[in-house]
Amino acid sequence: MRVAFALARREMRGGLAGFRVFLACLALGVAAIAAVGMLRSAIAAGLADQGAVILGGDAQMEFTYRYASAGERAWMAARATAVSEIVDFRSMAVTGPEGAEERALTQVKAVDAAYPLTGAVELDPALPLATALAGHDGRPGGVMDRVLADRLGLATGDGFRLGAQDFVLTAILAREPDSAAAGFALGPHTIVRTADLAASGLLEPGTLYETEYRMTLPPGTDLAALQAEAEAAFTGTGLRWQDRRAAAPGIGEFVDRIGSFLVLVGLAGLAVGGVGVSAAVRAWLEGRTETIATLKTLGAGSGTIAATYLIQIGVLTALGVAAGLVLGAGLPLLLAPWLEARLPFPVAFRLFPAPLAEAAFYGVATALLFTLWPLAWTERVRAAALYRGAATGGWPRARWWIALALVLAALVGGASWFSGVAELALWSAAGVAGALAVLMLVAAGLRRGARRLARTRVARGRTGLRLALSALGGPRAETASVVLALGLGLSVLAAVGQIDANLRAAIARDLPARAPSYFFVDIQPGQIDGFRARLAADAGVEKVEAAPMLRGIITRIGGRPAREVAGDHWVLNGDRGVTYAETPGTATVTAGAWWPEGYDGPAQVSFAAEEAAEMGLNLGDLLTVNILGRDIEAEITSFRVVDFSSAGMGFVMSMNPAALRGAPHSWIATVYADETSEAAILRDLARAYPNITAIRVRDAIGRVTEALTAIANAVAWAAAATLLTGFVVLIGAAAAGERARLYEAAVLKTLGASRATILGSFALRAVLTGAAAGAVALATGGDCRLGGDDLRDAGRLCLRARLGAGHRRRRGGDDAGGRAAVRRPSPRRPPRGRAARSPEAPAAPAAVPRPAGAGPGKGGACPPFAPPRLPVTGRQRGPPSCPPSRARARAARRTAGPVPR
Amino acid sequence: MAEPILSLRDARLTLSGNAGPVEVLRGITLDVDRGGTLGLVGPSGSGKSSLLMLMAALERATGGEVRALGRDLTAMGEDEAARFRRGNMGVVFQSFHLIPTMTALENVAVPLELAGARDAFARAEAELCAVGLGERMDHYPRQLSGGEQQRVALARAAAPRPAILLADEPTGNLDGANGQAIMDLLFGLRDRHGATLVLVTHAPDLAARCDRVVRLRDGRIEGEDRAGLARAAE
């Protein structure tokens, strides 16, 4: 080994001149991965550093559809130094005179005087929040996002209404300290005092709202212990705990997922670079043939020689990786001020060793993977090469194959480990390997075909063509490395482009064609007839679907805990919409029988057929569904087709009406109407029923598209690094062949070829290689269903992080998000896929009437329907949630009937 | 009678090429005595260099037997042959084949380092001084003339004190004066170290200095001249 080191040191005196491509490829790939990792860590650190500010307190107890009970309030008061109550719900902000109102969806945050416990609300003009909310001229004050004020044409001092309550806009909401943790919202925020909503009619039975109790805790409080204590004390009450240790899990999860995806795109870039690395090393070693043969003549064994060159490659790899790390770490640090100003959550830029180590690992493993094969060639160089050129022979010995396999396993294993999405990493690796294999075959085919074609009549008399074909098919042609580098680079680009196009097509093109115009939620039972009547009279309305809706959690299946039976199926993740009906209506019953009309026996439930199959449910199984704290045990008596792909309405569970008799609930409706009729429908219904919240699907789709654009941009940047690497490889390949081309040109000129003939021949060979690589890229890059699915998942997470299923983040994730990228792609998954499906239809809330006198913010509400306090296991959830990919992918194949779940 | 240091029995070498197999050596039987000098002569393509490469174990015979110092070279793999050459054989080529990234001193030291000699550089220095390059030790091959490069190659071949020195047209790339100097050095080294010398040459005066000359044609031994006979023929 000592000799190998000495030989390597002497060999390296030649400098780095021949290794520019090697170093550039490696540095670019490592830099891209390091930069993504640095940004991801910076966001995680920002969220961790600012946990309390983001959360709005040290810890938070959250409830759905109710205020904290007296016991819960007492518990908090005993442990916290300060408590702040926040009520969060969707509503419509209205302005303008009667008959000419403007309406816009808003996420209302009703706060008390203690809000915010940490940080400060920044307003424009710069008023204290208390002053702004105090209002003037007898009207309470409110502040709202600028986008909402602009949409309604409001300026400070103007009035607006929430439900039946008038407010005056006193300031524009410039920054909420807890906005990052607030998750996503389909509507921009409005902040008012909770007490001022007493007369609004908005927090009536049937309204879906959430309450959050933020606490400032004494220094040194053990958060884990306190959480355990709270959860033990309030088991089954629907309590959800959150604290500053993970203030914005939704963002964290989203950033993690999209970061992993980008790292994998970066890895594909590194693979492209690997082709350049491999070509550079091969060319370098070929230039060392004489030295290798001489060393063998002098008695050097192949082990010594391989070690000599491996050491040199190691040094070069270290240099390339170091350059990449400097670049990858330096760029985010340099751009920190610019990035901080543009990201909607705190980011703490500093040097993070972990992502740099990850990038270095990828760099070293890739360099090793792509240099082992050329290195194995040193063993095949025979000493006889000194007097008889190109004396090489045979395949590399077994040890090289083993080493290759080990490095490949380490690389793929590392990618799986680091990314946290093993399946995606494995499929990505398989994709890159498959693309490389196809490209190698194509390159070999191109060479063989060119050789043959050069001898046929086609090339006869066409000097330029024949020269090009001979050059492509000749020995030592750069055909293989160019096809590999260009093909793989283009494949990655094509894949990324395809994913982006699929996403946009699914969301912006396919969905609107099938989606309803509006979702209406919070329709009170007494309002549904009038609601229907207004729509029935409208010729522009094509279809109206309405259904009563409650929310329930499946806690047990056949008497066993549900998760034991059906694992982590999305239906079990939190609460699901439950409806009731006398008849199946338009639904297709696939098995069993619907209950007879007027049935009043033991509870029965009809379950979504596809989901039932996934969960392993059978007819006759008993489901225990916790609705508003009460366990209802119902027998599955039928399965029916439910399509979640059409952005319409759909319920996983439908029960016989008697089973839910007396349960407070509201209605949900979807309205399919001409675009021209939409404004009038909204105006009339909102005027007649101010408490109803309308969600315009086109607006929601617009928000989704915005979010997807951001993701697509991030991916495009990562892909750009891949393309840049591809260019470097091409330049390297071109440079490597330059001497040969000059020689060839000189000989051809000597023989009488014109410059045009020579240039034409060179251009033709470039076109042929490029066309071959491009064809493979179209074939392999276009098949990107897995990536598309996972990006869609990332998109959903993004939505949750940015747009806000309102309540979602506080429930610690949603149906599909937690398992988004861990799926096998369906071989025949249609392009529309899961993204084509809207979130679960906005949850029509179960009614939660407060006892007389228990006004908003006073707490202590105890729903009359829920006397027994049976455990409410799992995390309750409110509205939109996407079904998991596989289920929805299958559902997407159908086109019938709409849904919430 | 002492065992020959090199022994070939019906040695054959067939190379495969695009145009089909080519029989380069067609049954060579030859013994080389320890301490002797053997010249291999013949027209281009007669198989001289290939025969030398068989003797150096740089090429493996495709038939017959090749033994050196009692070892069967045809049974050796590439690495085993390399290890065998370390201490037993020195090879000099017409094109010098110095390692371009190493100085003259380092080039000479390489075989000694590979053999694990602790005093590799001291011995290399001495060897370079012996060929008259004491002042050019730190020069790279490209900074040396052809004659100087071949002297470095000679020093490198002789440094490990091999029992067998094999030279493939060592003066082929040199002018007359330089060629003569290299010849003197080569035979001087052989005399000093008592090695067996086998050289391929086209130069009659160089062949004439050998104890024995074997003439090859079409891969076969055409004839042989003993010392004195060759000189007389001259």
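**Exercise 1. Find which elements of chain A have the lowest and the highest mean pLDDT in this predicted model.**

Step 1. pLDDT is the predictor's confidence in each residue, from 0 to 100. Helices (H or I, at least four residues) and strands (E, at least two) are DSSP runs, numbered from the N terminus.

Step 2. Over residues 784–901 of chain A the pLDDT is below 50. For chain A the mean is 75, and 77% of its residues reach 70 or more.

The model is predicted: local features need pLDDT of at least 70 and side-chain atom pairs 80 or more, while totals for chains, interfaces and linings use all residues. Residues are numbered from 1 along each chain as its sequence is written, with chains lettered from A and ligands numbered from 1 in the order in which they are written.

**Exercise 2. Describe the side of chain A that touches chain B.**

Step 1. Count the contacts (C-beta atoms, placed from the backbone, within 7 Å): 21 residues of chain A are in contact with 23 residues of chain B.

Step 2. Assign elements: α1 (2–11) and α9 (289–297) of chain A each supply at least two residues of this side. The largest share, five residues, comes from α9(A).

Step 3. Sort by class: eight residues are nonpolar, seven polar and six charged. Here Ala, Val, Leu, Ile, Met, Phe, Trp, Tyr, Cys and Pro count as nonpolar, Asp, Glu, Lys and Arg as charged, and the others, Gly among them, as polar.

Key. Two residues are in contact if their C-beta atoms, placed from the backbone, lie within 7 Å.
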